[in-house]
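Reader: I am new to this structure. Please show it to me, and then take my questions one at a time.

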Amino acid sequence: MYARRRFAVLKNLLEYVGIEPGRLHFSWISSAEATKFQETVIEVTDAVKALGPAKHMIKDIRKVA
Amino acid sequence: MAEKILAKDQLDQFLGKLAEGREVFAPQDVEGKVAWAPLEAAADLLWDFSNSDMSPKDYFFPQTECMMRFVNKADDEMGMIMQAEPELNTPRALINMRPCDAKAFQVLDLIFMQDEMTDDFYWRDKREKSLLVGLACNDPCPTCFCTSVGCGPHHETGLDVLLVDLGDKLLVKAVSDKAAELLAELPEAEQADLDQAAELKKAAEDMVEANVGVATDQLEGREVMELYEAALWPRVAESCLNCGTCTYCCPTCHCFDIQDEVQGDEGRRVRNWDNCMSWLFTVHGTGHNPRGSKTHRVRQRFMHKFKYIPDKRGGEIGCVGCGRCVQLCPVNIDVRSVVNDMNA
Amino acid sequence: MEAIAQGIREAAKKLLSQGAVDCVIGFAQGTVPMRDYPYFAYTPEEADNLTWSRFCCNNLSNFLVRREMGEAGKVAIVAQGCVSRNIVGLIKENQITREQVHIIGVASPGMVDRGKVQALFPLKTITEVTEDGEDLVVKGKDFEERVPTKKVLRQNCYTCVQRNPVIVDEMIGEESEATHGGNIDKVAAPWEKLMPEERWEAFSESIKDCIRCYACRDACPLCYCHVCFVDEARPQWCGKTQDEADVATFHILRAFHCAGRCTDCGACESACPVGIKMRGFTSKIEKDIRELYGYAPGMDLEEEPPLSVYKPNDPQEFIK
């Protein structure tokens, strides 16, 4: 419940600086909810795949400097 | 070689020649700040400016510099073998560099290229491939104190060419023979030009002399431990934030941190500026930190520049009096008052 | 302003000569224009060096947790609205106790943004700036001009809603009623109206000159961690390079660590040697904290910090 407040602020901040909506996901899943876990993972991976590769916060060490 | 004259309306031609086989950089007005940037045209050159906010040291010692690369795979034929990064491809010319900054690089040469065993390839490569064209200061700032640390507004050390702004023309003085070809066709200066430059030099030196300076005459004779344990340090450290502003804007601060970074099969060894104000700079793997307090860290910077470097490098002071740290320190720790207290 | 400075000096002398405090933390006049600096007076004589002006841009509460001399004793501190709010924060976060500090309160006149003054005189060297009533008199080698102070205040000072200290032991001068005319709700989170791509551009543009000196962190009274996350080595959370991803990681995480605690005092922006305006992104967090949890940091000693509590009906649309 504490985390809910922190995540709310963090998600808003990241989207505010330009991380696309849909790249960040939050779920409550109990250790007894295997089905929900599986469904959520599929949902998340599908959503992120649809957005394509991340454009920001990517460090490429092959670049000079 | 005799002094030459370069009319400002001939600058484009001169820069054209300078740019043959070189990349040319100069301090320019970048969004209201004086910053070093690639030079497109003579019109972008500044003539009435004090100095760039940041020192041009990153042309020789970039804030982040890849030193080597490696294949991050133990079973690869080339696995974990360091491959040096290529040398600088295109030589550079840095034009309108202030004499204090050029002097700073000569000080840093004493550190990066000490002897056979301590000879920094990365520094040397860029130093040797750069032509430094200086611009004498005719109008020093109130924070300048170059003349009290062995430098001066028309100082030539470290430069290849010194320009003196005479209004619509420049007096051109070859300091090294690196630029001889460039200057060969310029007309020779007349006595009146030389006289004018000498007057400007005198006036500029007088202006700096009138500023608050630093006195360092007592430091050489003083024991290291006496200065180290002087009572002034806790008071200097009191307001210090331990940020890196003074060290990163400084033309002579040169400390760095080397790290290996890996991404999948790729790896690189990279060095980044680091600074003695940082707690992390000296902390040991054991957790012990020999410079555990703010006071220790603040002391280090002043002792390094005004005692350790002079003691080890034949009296050369590790400060050129550019005054950047005086202007930028968020809590106005003024190097001049600190050093004068050390010297007292 | 000089009357306030005089009042501060007198209060400090009294406290020091009575032995009520070991030290008075205030400001003294700097050696460069528009840069008065944090000063620590230990004797009544040293108290003569104290001053008060519109050039007092550091947040003094920072030194309550960063001081290495005489840490055990009681100190007096000069505090306007934002500084007092940070003192409240430090008390709530158990960094200091209320009994350890004697607060010499002053109403904030609004502090000057050096960068704005310099921008009025491009590439010129400013040699002296003095306050004269509602104007600044700005002098250079070949010019002298008057600039209305109201035009060159720090952005956070325009929207400040708490110029008077929230807790105080003695007040110097009058309390101030007026704000400087700004409305934080109208200017906070300036990039919200942009599309995601434009937002990243705006953010990345705003931090592009960062040299990672960490002056913003070190000037901040919230950043008192013994080891900051950027200085953690095992594991190393944040890369050390000038790569945009590393620089952005620092700024985003530092801002987030201040969520629900930032009083918008502006010390970070004032300390930055390259003029980065961190409030472009920190104001978003403070706005969220206000809107989601109805909280303004440092206003009240009793109120629980917003990220240390929860309510069952807190917003959670984003959780699936």
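Reader: What radius of gyration does chain C have, and why does it agree with a compact globule?
Author: The radius is taken over C-alpha atoms, and the globule rule is 2.2 Å times the number of residues to the power 0.38. With 320 residues, a compact globule would have a radius of gyration near 20 Å, so chain C agrees at 20 Å.

Reader: How should I read the numbering and the model?
Author: This is a predicted model: local features need pLDDT of at least 70, side-chain atom pairs count only at pLDDT 80 or more, and totals for chains, interfaces and linings use all residues. Residues are numbered from 1 along each chain as its sequence is written, while chains are lettered from A and ligands numbered from 1 in the order in which they are written.

Reader: What share of chain C is buried?
Author: A residue is buried if 20 or more other C-beta atoms lie within 10 Å of its own, exposed if 12 or fewer, and partly exposed in between; these atoms are placed from the backbone. By that count, the buried part of the 320 residues in chain C is 47%.

Reader: Which domains does chain C have, and how far apart are their C-alpha centres?
Author: The bounds come from an automatic or database domain assignment. It gives domain 1 (2–113 + 153–308) and domain 2 (114–152) in chain C. Between their C-alpha centres lie 24 Å.

Reader: Which residues touch the most other members of the largest nonpolar core?
Author: A nonpolar core is a set of buried Ala, Val, Leu, Ile, Met, Phe, Trp, Tyr and Cys residues joined through C-beta atoms within 7 Å. The largest one has 175 residues. Those touching the most other members are Leu163(B), Ala12(C), Val24(C) and Ile77(C).

Reader: Why is strand E8 of chain B largely enclosed?
Author: Strands (E, at least two residues) and helices (H or I, at least four) are DSSP runs, numbered from the N terminus. E8 of chain B covers residues 161–165. It is largely enclosed by the rest of the structure because four of its five residues are buried.

Reader: Which strand pairs with E8(B) in the antiparallel sense?
Author: Two strands pair if DSSP finds at least two bridges between them. E7 of chain B (residues 130–135) pairs with E8(B) in the parallel sense, over three bridges. The antiparallel partner, over five bridges, is strand E9 (residues 169–174) of chain B.
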